[in-house]
Amino acid sequence: MAKDNSGSLKSESKRRRVTYIFSVSGLCVLFYILGAWQNSTTPTLNQRSDLASKVECDNDFPRSTESLSSSSSSEGETLDFQAHHQLSFNDTLMVVEKFPPCALNFSEYTPCQDLTRCKKFARAMLAYRERHCPAQHELIRCLIPAPPKYKTPFKWPRSRDYAWYDNIPHRELSIEKAVQNWIQVEGDRFRFPGGGTMFPRGADVYIDDINALISLTDGDIRTAIDTGCGVASWGAYLLKRDIVTMSFAPRDTHEAQVQFALERGVPAMIGVMATQRLPYPARAFDMAHCSRCLIPWQDFDGLYLIEVDRVLRPGGYWILSGPPIRWKKYYGGWERTQEDLKQEQDSIEDVARRLCWKKVIEKGDLAIWQKPINHAECIQSRRIYKTPHICKNDDADAAWYRKMEACITPLPEVSSSSEVAGGELQKWPQRAFAVPPRISKGTIPGLTVKKFEDDNTVWKERIEYYKRIIPPLSQGRYRNVMDMNAYLGGFAAALMDYPIWVMNVVPANSDYDTLGVIYERGFIGTYQDWCEAFSTYPRTYDLIHASAIFSIYQDRCDITYILLEMDRLLRPEGTVIVRDTVDVLTKVQGIAERMRWKCKIMDHESGPFNPEKILFAVKTYWTAAPSTQQ
């Protein structure tokens, strides 16, 4: 009997141990699942957060003026992003002081187009107007201040017609171009009537005149370039026709014309036709335009028209108005002789013929030429026209600090005279998601149709995630957006239904030169080395997106200067999104918080187990004090 009781006790003890083990295991699994679920939940903004509060503000009303010592938010208020991957900073980063503000005379500082530095370079062919960036010892480590009374710009589309005077306090163009209706001062704001040197009746009417000659509304023409753009009214009014224009002009005596364009919410860059190629790939634009842009097209063996030919797509158009077109009517007002103007037009016509262009029409103030769809006949014509010759061994897309050449950039070979060189594009908007010919034809090694389609899927998911984190993204808060590492343009494509435009930047040292793909999709962009400053004015972008930029550049240059450049580009209360590894992001956050940014590192959209994380940041509002010394 005692033996039976002993066996029963042992059996009971064994059952309890098994039950205990299963209970503990079950609890471990339960808490693991619960923890993973909590970490994968998408954080949202609190109603008191900076980004959410911006949605409630009416951007059409002036922002109150604040000095250097003040901020738009109290010191205790932070971005309400819920970060799940916490890392402590390096102790040295914690004690470093914040970057000081620059003096007020740096308010419109453009490092690579500095008016003092440019005087050291040759004036021939306007070389001194090109990019001349500061040497290492000339780099500044201070924050570019906004003007003392800076206000949040008007929202698009009202910004097309109005800008605050305090944001760009320059009256020069309103006086110099008063008759031409470029810009007018009305109280505390500028108004842009849409006029131009050759379209005093307004850009809308002028564009209608062009549309009567070549169709601008059937989707064939999507990308355009405006050389010598003024305040970019031509590009501004093309937007409602679904044509996006890269407008550029030098920083010259027409002070701040590109700055005005960007303040209006219109794509633009500082640039000039001089000695170097434009920073765009070959076959990028469907249409090029010059309205009294004062570029000597016939000089230097037609070098500048040859460069336009390089960036024009097969079948693309070149539109010219102003001198010398219609010289018989305007020669007196242009203060030039009839003989001089006739000779100029004859020379332009001759260069165009040598480029194998066809003159479509000359009517009124407009003349239009068309580039051939391939070079089948043009190659044969070299028996007649010895110059310009066809370039040999030329990388047609190479455009970063590449000298122009007086030779025709060859188009891809074709099998018949009716074939479009490089591949035919679909009409807009189907073009945005159709496989670009550069990919379908395999001209970029390593890029496949599947990679293109997968990239579109990824960016659709990412934008949905961004919208949950930053509700203003889909509510008109942002207009000018930059993607610092655009790859295939998926970020811009996923945002195409919103009232924004994206400057797609492809780093000049990228493994894949994909800028041509981006233009084939119907978007615009440029090459850029982020160890140097971008060709624009301060405070010209509302949102900057940077994917893996700091991993790419951390061994090439000091990332502090990249972040200072981003701060220069960003408007007060603008937003930054940085994607990178955790160790890189913590370095970025440490520097960014010294620049008066408010930052949070958050999980990847796929969840906490992805090694890539995302830093969201907001640049706080502050301005220079009126008493700041020059």
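View 1. About 120 Å³ of space lies in the second largest cavity; a cavity is a set of points, on a 1 Å grid over the protein atoms alone, where a 1.4 Å probe fits but cannot get out. The volume is the space filled by probe spheres set on the points, which are joined across faces, edges and corners. This is a predicted model, in which local features need pLDDT of at least 70, side-chain atom pairs count only at pLDDT 80 or more, and totals for chains, interfaces and linings use all residues. Residues are numbered from 1 along each chain as its sequence is written, and side-chain values use heavy atoms, with hydrogens and water left out. The lining (residues with an atom within 4 Å of a point) has 16 residues, and Phe154, Lys155, Arg479, Asp542 and Arg571 lie nearest the centre.

**View 2. The largest cavity.** The largest cavity holds about 240 Å³ of space. Of its 20 lining residues, Arg131, Gly271, Gln276, Arg277 and Pro279 are the closest to its centre.

View 3. In strand β15 (residues 570-581), 11 of the 12 residues are buried, so the strand is largely enclosed by the rest of the structure; buried means under 20% relative accessible area with a 1.4 Å probe, protein chains only. Strands β14 and β15 pair (at least two DSSP bridges) in the parallel sense over 6 bridges. β15 and β17 pair in the antiparallel sense over 7 bridges.

Note on methods. Buried means under 20% relative accessible area, exposed over 50%, partly exposed in between (1.4 Å probe, protein chains only). Helices (H or I, at least four residues) and strands (E, at least two) are DSSP runs, numbered from the N terminus. On a 1 Å grid over the protein atoms alone, a cavity is a set of points where a 1.4 Å probe fits but cannot get out, and a pocket is an open set with protein on both sides within 12 Å along at least five of seven lines; lining residues have an atom within 4 Å of a point.
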